[in-house]
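Hi,

Here is the structure for your files. My notes follow below it.

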Amino acid sequence: MLFALGHSGWAAGLLFAGLLVLLFFRDPSRSFSGEDGVVIAAADGLITKVDEIEDSEIGPGRHQRIVTFLSVFDVHVQRTPAGGQVIASRYAAGRKVAAFREDAGEVNEKHLTVIRRENGDLVGVRQIAGLLARRVVCYLQERDQVHRGQSMGLIKFGSRVDLLVPAGYRVLVKKGDRVKNGMTPMARPEGGA
């Protein structure tokens, strides 16, 4: 309509914005056919940190945290990194500071999902909104049975996903790696699958 009315600049801008929105919400079909014990990427993006932390929301003990930053060009749908039973699904309101800030995981809007694997290990996924992100959405509820790679939610227009695995797992990625949800192996229990 804007093209027909001679407002080609506005029309092109709106068309470009519409294409960006479609880019954010795309959900490509992906699968991982590797070993059952492997934990896969929950999000597309760039690995910006791998460290070891204590996080009582996940469970007792130490956990390895793999931080994935999602750029505006990454798929913003997240997938379950492991199969099992959802034992926690918690939303927390918060601010919207830049996702690359060190404190974003503590102060921003977020949703935590904890999955108990068949062997009893706990795997956590923390979806964190960022500066541009408007809403964190998680489809999973406590007691849901999930399989590795199923759709679990999205962050509308942003930003960061923290994957937390037991300290005894071997992390298979490093800072600077690019990963794809539902495909990239991220960690495995030490000593095999």
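Leaving aside its neighbours within four places in sequence, which residues is Asn181 in contact with? They are Arg30, Ala41, Ala42, Ala43, Asp44, Val75, Val77, Gln78 and Arg79; contact means heavy atoms within 4.5 Å.

Some ground rules. This is a predicted model, with pLDDT of at least 70 needed for local features and 80 or more for side-chain atom pairs, while totals for chains, interfaces and linings use all residues. Residues count from 1 along each chain as its sequence is written, and side-chain values use heavy atoms, without hydrogens or water.

Back to Asn181. Its place is the loop between strand E13 (178-179) and E14; strands are DSSP runs of E, at least two residues, numbered from the N terminus. Asn181 is buried, at 1% relative accessible area (buried: under 20%, 1.4 Å probe, protein chains only). Its C-alpha is 8.9 Å from that of Ser31, 150 residues apart along the chain.

Next, the sheet. It is open, antiparallel and ordered E1-E14-E12; pairing takes at least two DSSP bridges. E1 (39-40) and E12 (169-171) each have a single partner strand, so one side of each lacks a neighbour in the sheet. Three bridges join E12 to E14 (residues 185-189). Val171 has Ala187 as its bridge partner in E14.

Last, the cores (buried Ala, Val, Leu, Ile, Met, Phe, Trp, Tyr and Cys joined through side-chain atoms within 4.5 Å). The largest has 28 residues; Leu163 and Met186 are among those touching the most other members. Strand E11 (160-166) is one of the contributing elements and gives the most, three residues. A second, separate core of seven residues includes Ile53 and Leu112.

Best wishes

Note on methods
Helix = DSSP H or I, 4+ residues; strand = E, 2+ residues; numbered from the N terminus. Buried < 20%, exposed > 50% of the residue type's maximum accessible area, 1.4 Å probe, protein only.
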